[in-house]
Amino acid sequence: MVKEEEKKKKNQYLHNSTKVSKFSSNPIFLSQCSLVLFLFQAFILAKVEAFNYGDALTKSLLYFESQRSGRLPYNQRVTWRDHSGLTDGLEQGVDLVGGYYDAGDHVKFGLPMAFTVTMLSWSVIEFRQEIAAGGELRHAMEAIKWGTDYFIKAHTSPNVLWAEVGDGDTDHYCWQRPEDMTTSRQAYKIDENNPGSDLAGETAAAMAAASIVFKSTNPHYSHLLLQHAQQLFEFGDKYRGKYDGSVGVVKNYYASVSGYMDELLWAALWLYKATDNEVYLNYVIDKAHFFGGTGWAISEFSWDVKYAGLQLLATKLLMEEKHRDHQSRTILEQYRSKAEYYICSSLNKNNASNNVERTPGGLLYIRQWNNMQYVSTASFLLTIYSDLLKTSGGGQQLSCHAGMVGPDEIFSFAKSQVDYILGSNPMNMSYLVGFGPKYPQRVHHRGASIVSFRESKGFIGCTQGYDYWYGREEPNPNVLVGALVGGPDSQDNFGDERKNYMQTEACTYNTAPLVGVFAKLSQSEDQKLATHQSLDLIASY
């Protein structure tokens with residue numbers, strides 16, 4: 001009986017072995033196994049090489065605390081900074097304490113500060129859940145409010161906006177900590193006789209976008225921001241002119257090369273999103289051609305040139321049900337065409353002369369000075385557009401001169417730019433300060449390069465900073481965590497020297513667009529990990 005059972009088991013074993021050998025010799029079976037193995041290996045490799053985007057998100061928001069001007073709050077996390085600029089506006093009889101220093105100096109420039117706040121707000125509007133999942137929503141909203149609180153102060157009457165505190169010429173003569181400032185704190189304004197439609201428009205856009213961010217959690221503050229935004233837009237539209245014609249000291253630093261028409265369209269579109277008032281949409285439609293909204297095909301998006309962002313924001317309206325049969329649809333489609341030119345240009349899918357250049361390492365390259373600002377804004381707009389295609393349904397793709405492109409390919413390229421920033425580049429250097437094992441040590445930044453005021457309160461004079469701190473070969477004593485520096489040259493080379501300001505200076509508007517992208521990438525990686533953990537669990541049975 002036992003032998004009979006053993007015989008049956010043996011025959012069953014042979015039968016099963018034959019079945020396996022039949023499958024294993026089948027080329028289709030083998031190719032499927034190879035594909036599974038390849039995908040598994042690719043996943044393992046991706047898991048090893050993936051960056052910690054959640055950490056990058058956290059650090060990016062710390063940077064804005066390093067750039068704060070004014071009286072620092074009790075919960076300030078960047079402890080090497082202290083109060084500064086506490087008499088700003090005093091000579092002019094206004095309270096202009098607060099706001100942000102734009103970069104490594106101590107001037108408060110209104111236009112780049114406003115663009116920074118607009119981009120932080122847009123990040124929260126698009127990626128609120130992802131930022132919240134990363135535990136950083138409160139810090140993101142604090143970063144926005146630090147800027148908008150200042151704008152409320154700077155907008156002292158409907159047709160007056162204080163544009164700048166300090167001036168770049170005198171500021172650049174000194175190398176001091178902000179806590180020791182002895183440079184001029186002269187304040188400059190725009191008004192009816194000294195117009196600045198670009199500055200008024202961008203500040204209106206920032207406050208309108210921020211009003212959307214605070215609408216559910218702080219409705220009173222949201223309403224206040226909206227009131228200021230509407231007044232500023234009316235002021236900028238009624239009294240037209242470039243702000244650098246009224247505030248001459250800004251010309252060598254933040255001249256408005258693109259003019260003011262893009263900012264007025266940009267502000268109107270953000271006001272439409274914040275109010276749902278058709279008056280603002282009609283403005284965007286009626287002035288689309290004359291103001292260049294549907295005329296300019298642009299390959300960059302920055303604190304100065306808003307067209308690409310405006311065009312993509314208009315494109316998003318097309319996906320909303322109420323605009324599907326709207327009389328404005330034809331004009332919105334024209335905006336969309338120009339937005340897609342920007343996306344195709346970034347993806348190297350336009351005809352040869354209309355693509356953004358790239359370094360040998362694959363980084364988008366617009367120009368020599370502070371190129372990373374264009375990389376971060378491109379990563380943001382590409383991510384937004386990828387999501388737009390996905391959510392619009394029907395397997396929509398982007399039609400470029402070089403062919404069709406799907407949302408996954410667009411997002412993948414945005415990710416490649418972020419990965420380059422975080423260290424996947426020929427220098428193996430993270431250009432986000434404080435992230436990873438290797439990052440710039442000698443950032444061109446006065447406060448970071450001098451011993452912390454909290455450690456040494458002894459006064460450091462204007463030229464003393466140059467004599468003892470500026471030329472030092474040692475790393476900065478304070479790490480400017482979360483700052484995105486100007487980045488490498490067209491050949492991926494980078495010189496980590498304090499005097500190399502084109503590459504080692506960081507700006508608030510460099511980091512701001514990355515906040516939302518880091519959050520999106522962090523969630524994407526978490527989803528991949530959860531999926532593969534499920535597959536591992538299934539495979540273990």
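This is a predicted model: local features need pLDDT of at least 70, side-chain atom pairs count only at pLDDT 80 or more; totals for chains, interfaces and linings use all residues.
Local features need pLDDT of at least 70 and side-chain atom pairs count only at pLDDT 80 or more, while totals for chains, interfaces and linings use all residues. Residues are numbered from 1 along each chain as its sequence is written, and side-chain values use heavy atoms, with hydrogens and water left out.

The structure contains 2 disulfides, a disulfide being a pair of cysteine sulfur atoms within 2.5 Å. When the bonded cysteines of the protein chain are numbered in sequence order, they pair as 1-4, 2-3.

Helices (H or I, at least four residues) and strands (E, at least two) are DSSP runs numbered from the N terminus.

Burial is judged by relative accessible area: under 20% is buried, over 50% exposed, and in between partly exposed (1.4 Å probe, protein chains only). Cysteine 174 is buried at 7%, whereas cysteine 462 is partly exposed at 22%.

Cysteine 344 and cysteine 400 form a disulfide with an S to S distance of 2.0 Å. This link is left-handed, with -85 degrees about the S-S bond. Cysteine 344 lies in helix H14 (residues 329-346) and cysteine 400 in strand E6 (residues 398-400), so the pair ties together parts 56 residues apart in sequence. Cysteine 344 is buried, at 2%, and cysteine 400 is buried, at 9%.
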